Amino acid sequence: MPTIVLLALVGLAAQLVDGSLGMAYGVTSTTLLLAIGTNPAAASATVHLAEIGTTLASGVSHWKFGNVDWKVVLRVGVPGAIGAFAGATVLSNLSTDAAKPVMSLILLALGVYLLVRFTLKGLRTDRLHLPLRSRFLAPLGLVAGFVDATGGGGWGPVGTPALLASGRLEPRKVVGSIDTSEFLVAIAASLGFLFAIGSQGIDFTWVAALLIGGLIAAPIAAWLVRKVPGRVLGSAVGGVIVLTNARTLLRSDWIGQGDTPTEGIVLGVIALVWIAAITWSVRAYRNDLAAGRGDVAAVGHGAADPAVPSADAPALVAADADPAPPTR
């Protein structure tokens, strides 16, 4: 029962972050499952089965708030489903001993990317509304889907920053479109795992726990997206992923430093870097807010309707708002 409650809470927290930031549900949940001893293929299968429900709920919530570009959903989601099915097949054919450090290495790389990206980098807002072409979206979906299935998460960490970096889609629609298209990826990955390994190692009670937590969080995230700076969330989530997967790698046969002073020193240094990153992100956000920069609302932080700021939103022009027409 304590494990089930923990999984439900993790599912809730991960979906809150994923629904507001466009990433991290799969990576966070898979990291926890690996930490409690689940084999990699079963961990990824468990998370993707839960994601069928959470991504559907999240997609509906974002659609109601007008955060979905359906052309982008189809152009990135269909190739993503193909990549996810292929990735599930590859992971299912790796031995557990070989797959666990490989998955942790992928997750560690994604965590480092999140930590660096959202701590140090800003988001482009100068190319909004330029078209996103299939020759960019299709390869992006294929790669992101493959990484998502093999790493137990990665659709958001690969897809969301790439679309944000393009500067061609409003940040709130990047998050909404990536979350909605992940429904196709979750179905394809789940089918790939079920065809390859059946239900072996999958605890459907755990699937239900993750699903319940995610379903509760999905509509709340539509509110949270207006309140918590994406930059700070990205640094926080990235640090958790780096710390947890670094521990897994240190204890693997690849490195073999579990329960040694080296492990303590390395994890301690990572923890200090993580705290510094969050502090930096908070200060950078406050500095941008004080300077009156509209793009501090990146990743959709602002009113649900960008043309009508909410009463409790910062008195700034949201990065994803259309310019108001001139008045006579």
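Which residues have the most contacts inside the largest nonpolar core? They are Val-72, Leu-163, Phe-193 and Leu-210, in a core of 53 residues. The structure is a predicted model, in which local features need pLDDT of at least 70 and side-chain atom pairs count only at pLDDT 80 or more, while totals for chains, interfaces and linings use all residues. Residues are numbered from 1 along each chain as its sequence is written, and side-chain values use heavy atoms, with hydrogens and water left out.

**Nonpolar cores**

- A nonpolar core is a set of buried Ala, Val, Leu, Ile, Met, Phe, Trp, Tyr and Cys residues joined through side-chain atoms within 4.5 Å. Buried means under 20% relative accessible area, exposed means over 50%, and partly exposed lies in between (1.4 Å probe, protein chains only).
- In the core of 53 residues, the largest share, seven residues, comes from H8.
- Apart from this core lies another of seven residues, including Leu-249, Leu-250, Leu-267 and Ile-270.
- Beyond its neighbours within four places in sequence, Phe-193 is in contact (heavy atoms within 4.5 Å) with residues including Ala-41, Ser-44, His-48, Leu-91 and Gly-198.

**Helices and buried positions**

- Helices (H or I, at least four residues) and strands (E, at least two) are DSSP runs, numbered from the N terminus.
- Helix H2 spans residues 25-35, and nine of its 11 residues are buried. Among them are Tyr-25, Gly-26, Val-27 and Leu-34.
- Gly-37, which follows H2, has a positive phi, near 100°.
- Ser-190 belongs to helix H8 (residues 171-197) and is buried, at a relative accessible area of 3%. Not counting residues up to four places away in sequence, Ser-190 touches His-48, Leu-49 and Ile-52.
- Pro-229 occupies the loop between helix H9 (204-224) and helix H10 (230-250). With 12% relative accessibility, Pro-229 counts as buried.
- Although Pro-229 and Val-282 are 53 residues apart in sequence, their C-alpha atoms are 8.5 Å apart in space.

**Record annotation**

- An unreviewed UniProt entry lists several spans as "transmembrane region", including 136-155 and 262-282. UniProt positions follow the numbering used here, feature names are shortened, and annotations may be inferred rather than shown by experiment.
- In the model, residues 136-155 are 85% helix and 0% strand, with end C-alpha atoms 15 Å apart.
- Residues 262-282 are 100% helix and 0% strand, and their end C-alpha atoms lie 31 Å apart.

**Salt bridges**

- A salt bridge is a side-chain nitrogen of Lys or Arg within 4 Å of a carboxyl oxygen of Asp or Glu. By this rule, the count is two.
- Asp-259 is exposed, at 67% relative accessible area, whereas Arg-251 is partly exposed, at 40%.
- Arg-251 also forms a salt bridge with Glu-263 (2.7 Å, N to O). Arg-251 lies in the loop between H10 and H11 and Glu-263 in helix H11, so the pair ties together parts that are 12 residues apart in sequence.
- Glu-263 counts as buried, at 5% relative accessibility.
- Together, Arg-251, Asp-259 and Glu-263 are linked in a network of salt bridges.

**An exposed tryptophan**

- Trp-254 is placed in the loop between H10 and helix H11 (261-290). At 52% relative accessibility, Trp-254 counts as exposed.
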